Amino acid sequence: MTHALLVIDVQNDFCPGGALAVPGGDEVVAPINAMMEDFDAVILTQDWHPPGHSSFASSHAGKAPYDLIEMPYGPQVLWPDHCVQGTGGAAFHSDLRTDADLILRKGFRAAIDSYSAFFENDRTTPTGLEGYLRTRSIDRLTLAGLATDFCVHFSAVDAARLGFGVSVRMEACRAIDLDGSLAAAERAMRDAGVKLV
Ligand code: VGL
Ligand code: ZN
């Protein structure tokens, strides 16, 4: 049994003062740093968008942040510009331990968003993480980070569907919670067989 910690998007733009601040987002840093010792491998994900990314409301005339639009791959929430490649907002929180085995960047294609660490939002284009985990014989994952109801949720559900044993450490996650999205995410994760701890 090889058990990895998958730390989702603990970046400045998702912390207080950031472009897409998650309430209490910075509170996950200390518990995540403390957990790192307990795993065989630590993987960090980094939301990493080019300027003008299609998930930004500013890329769509007449649209505002948090509007929902229909993209060729399905519904997409529009966000404030965030985690633009190479900016301070895309950098990890300065207190987060970054002595990880792997940093996986996602959301780097202009035309498609990627909430999940495994697949882009068409739910079929792989990021390569599954192959990395399998070739390292990692079969169990614990997730923590931001945001519970978006990137943690989609990553956890995809990991469970791929056959990994998956737990989410809820005390080391924080949510955006748009229109009940946290409750819906908790339900979807439980239905997929994810353990919420
Ligand atoms: C996220 C919205 C847009 C997340 C990323 O990390 O949960 N949410 N991009
Ligand atoms: Zn994003």
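Ser137 is found in the loop that runs between helix H2 (129–135) and strand S6. In this predicted model, Ser137 has a positive phi of about 60°, although it is not a glycine. The residue has 10 C-beta neighbours inside 10 Å and therefore counts as exposed. A positive phi is also found at Cys83, where the angle is near 50° and the residue is again other than glycine. Cys83 lies in the loop between strand S4 (74–77) and strand S5.

The strands considered here belong to an open sheet. Six strands make up this sheet, in the order S5-S2-S1-S6-S7-S8, and their pairing is parallel. The edges are formed by S5 (102–106) and S8 (195–196); each has a single partner strand, so one side of each is left without a neighbour in the sheet. Strand S6 (residues 140–146) runs parallel to strand S7 (residues 165–174) and is joined to it by six bridges. Within this pair, Leu141 stands opposite Val166 in S7, and Leu146 stands opposite Arg174 in S7. Strand S6 also pairs with S1 in the parallel sense, over six bridges. In that pairing, Leu6 stands opposite Leu143 in S6. Six of the seven residues of S6 are buried, so the strand is largely enclosed by the rest of the structure. In a regular strand, the side chains alternate between the two faces of the sheet.

Ala147 is found in the loop between S6 and H3. The bond from Leu146 to Ala147 is cis, with omega near -15°. Both residues, Leu146 and Ala147, are among those around ligand 1. By class, the shell around the ligand consists of six nonpolar and two charged residues, with no polar residue.

Just after H3, Gly163 takes a positive phi of about 100°.

Two packed helices are described by the angle between their axes and the distance between the axes. For H3 (residues 148–161) and H4 (residues 181–191), the angle is about 10° and the axes lie 10 Å apart. An angle under 35 degrees is the criterion here, which makes H3 roughly parallel to H4. On the H3 side, the contact is made by Thr148, Asp149, His153, Ala156 and Val157. These residues meet Ser181, Leu182, Ala185, Ala188 and Met189 in H4. The residues of the contact of H3 with H4 divide into six nonpolar, three polar and one charged. An α-helix has 3.6 residues a turn, so residues three or four places apart point the same way.

One residue of this contact can be followed in detail. His153 lies in helix H3. The residue is buried, with 27 other C-beta atoms within 10 Å. When neighbours within four places in sequence are left aside, His153 is in contact with Thr148, Ala185, Ala188 and Met189. His153 and Leu182 are 29 residues apart in sequence, and their C-alpha atoms are 9.0 Å apart in space.

Notes
Residues are numbered from 1 along each chain as its sequence is written. Chains are lettered from A and ligands numbered from 1 in the order in which they are written. This is a predicted model: local features need pLDDT of at least 70, side-chain atom pairs count only at pLDDT 80 or more; totals for chains, interfaces and linings use all residues. A residue is near a molecule or strand if its C-beta atom, placed from the backbone, lies within 6 Å of it. Ala, Val, Leu, Ile, Met, Phe, Trp, Tyr, Cys and Pro count as nonpolar, Asp, Glu, Lys and Arg as charged, and the others, Gly among them, as polar. Axes are lines fitted to C-alpha atoms, for helices over the stretch in contact, and angles run from 0 to 180 degrees between N-to-C directions. Helices (H or I, at least four residues) and strands (E, at least two) are DSSP runs, numbered from the N terminus. Angles under 35 degrees count as roughly parallel, over 145 as roughly antiparallel, 65 to 115 as roughly perpendicular and the rest as oblique. Two residues are in contact if their C-beta atoms, placed from the backbone, lie within 7 Å. Two strands pair if DSSP finds at least two bridges between them. A residue is buried if 20 or more other C-beta atoms lie within 10 Å of its own, exposed if 12 or fewer, and partly exposed in between; C-beta atoms are placed from the backbone.
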